[in-house]
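User: I would like to learn how to read helix packing and sheet order in a model. Can we work through one case?

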Amino acid sequence: MLMKAMIWTKYGSPDVLQLKEVEEPTPKDNEVLIRIYATTVTAGDCELRSLKFPIYLSLPMRLWRGFLKPRENSILGTELAGEIEAVGKDVKRFKEGDQVFGSAGMNFGANAEYICLPEQPGEMEGGVTIKPANMTYEEAATVPFGGRDALHFLRKANIQSGQKVLINGAGGSIGTFAIQLAKHYGAEVTAVDSAAKLDMLRSLGADQVIDYTREDFTERGEIYDVIFDVVGKISFSRSNRSLKQDGTYLLANPVSQIVQALWTRMTSCKKVIMETASGTIQDLIHLRELVEAGKIRTVIDRRYPLEQIAEAHRYVETGQKKGNVVIIVEHKQQEGAVLPEAGSSHPHIGLTHRRWREG
């Protein structure tokens, strides 16, 4: 059988993404076949699609994904939410009809109608579990990347109640979850982003917000226990005076900061944590518990159908995204459902009104 998928045909602009019909995957004995109802587009997807990395990163990326162009029928996308369609004979944790959410990890492939994932994933394979009962598929699809990355780095900082945490680039997929998790740990949170996102950051619990286009946080005189740079834009030479002597830098995207970060690590008592976050199934379960307890929620900025995923990439690349951009994957039995207007730009926090096959 054939399925629809957004195929990554070459490295370049969003125009390199083409909707095609490809063979539907068949689950192996240890895998589940998932009918995907919602997936996402993240800044990381856009960076990988264009391959705009320094040469020391772009070369190994080409060796991994394909030197001149991506390998045939490559599909982007890591986050997903959907329903178990079939299970391999060795699968114990899932059954047909289970509603799940999770990640395809570094294998990608979530921007499609179906995907096969192992029940017990390896380190780079993502993994899935039962989705939060109080989230729609659209909402649940936004948690595995931003939620797990935020959880990974904040755990590394070992945040204590009463500590001061600054989050730079707080308005995106990782930052919106990081605000809520830091507050859950008892921290006082300062969130930095553009003016259009400040009200949303306050609504998530930020104690202070800073518009980086009008104010440099390093000139405030505030001293922080942790500085979490989600977007990789802070200057170590300036921000060093804003971090405690034994404070912690968390770098989620340190591509342009590696040299400064290593120098800071060698010449001071400050901790610098820069690594690839590798989430686990237990992390997903922990996030689900926090969602169901009302401790964290998601922000959805825009929704696009699978057919308009190139437009979603263009929007994410503007840097204006508030929280998450969701891709809705329609299936034949859903043809009667009313889709929200493609690219609708109404940020929503919490539950949506659309509940496909969820009762």
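**Helix contacts and the sheet**

Analyst: Val143, Phe145, Gly146, Gly147, Asp149, Ala150, Leu151 and Leu154 of helix 4 meet Ser173, Ile174, Phe177, Ala178, Leu181 and Ala182 of helix 5. Contact means heavy atoms within 4.5 Å. By class, the residues of this contact are 10 nonpolar, 3 polar and 1 charged. Ala, Val, Leu, Ile, Met, Phe, Trp, Tyr, Cys and Pro count as nonpolar, Asp, Glu, Lys and Arg as charged, and the others, Gly among them, as polar.

This is a predicted model: local features need pLDDT of at least 70, side-chain atom pairs count only at pLDDT 80 or more, and totals for chains, interfaces and linings use all residues. Residues are numbered from 1 along each chain as its sequence is written, and side-chain values use heavy atoms, with hydrogens and water left out.

User: At what angle do helix 4 and helix 5 pack?

Analyst: Axes are lines fitted to C-alpha atoms, for helices over the stretch in contact, and angles run from 0 to 180 degrees between N-to-C directions. Helices (H or I, at least four residues) and strands (E, at least two) are DSSP runs, numbered from the N terminus. Helix 4 (residues 143–157) and helix 5 (residues 173–184) pack at about 50°, with axes 8 Å apart. Angles under 35 degrees count as roughly parallel, over 145 as roughly antiparallel, 65 to 115 as roughly perpendicular and the rest as oblique. Helix 4 and helix 5 are therefore oblique to each other.

User: Is Leu154 buried or exposed?

Analyst: Buried means under 20% relative accessible area, exposed over 50%, partly exposed in between (1.4 Å probe, protein chains only). Leu154, in helix 4, has 1% relative accessibility and so counts as buried. Beyond its neighbours within four places in sequence, Leu154 is in contact with Ile159, Ala178, Leu181, Ala182, Tyr185, Phe228 and Leu250. Leu154 and Ala182 are 28 residues apart in sequence, with their C-alpha atoms 7.2 Å apart.

User: What does Gln180 touch?

Analyst: Gln180 is in helix 5 and counts as buried because its relative accessibility is 5%. Not counting residues up to four places away in sequence, Gln180 touches Leu204, Lys295, Ile296 and Arg297.

User: At what angle do the axes of helix 4 and helix 9 cross?

Analyst: The axes of helix 4 and helix 9 (residues 281–292) cross at roughly 100° and come within 10 Å. Helix 4 and helix 9 are therefore roughly perpendicular to each other. Val143, Pro144, Gly147, Arg148, Leu151 and Arg155 of helix 4 make this contact with Ile281, Asp283, Leu284, His286 and Leu287 of helix 9. The contact of helix 4 with helix 9 has 6 nonpolar, 2 polar and 3 charged residues.

User: Which order do the strands of the open sheet have?

Analyst: Two strands pair if DSSP finds at least two bridges between them. The open sheet of 6 strands has the order 10-9-8-11-12-13, with parallel pairing. Strand 10 (208–211) and strand 13 (271–274) are at the edges, each with a single partner strand, so one side of each has no neighbour in the sheet. On average, neighbouring strands of this sheet are turned by 15° against each other, direction ignored. Helix 4 packs on the sheet, touching strand 11 (224–229), strand 12 and strand 13, and its direction makes about 160° with that of strand 12. Helix 5 lies across strand 8 (164–168), strand 9 (188–193) and strand 11, at about 165° to strand 9.
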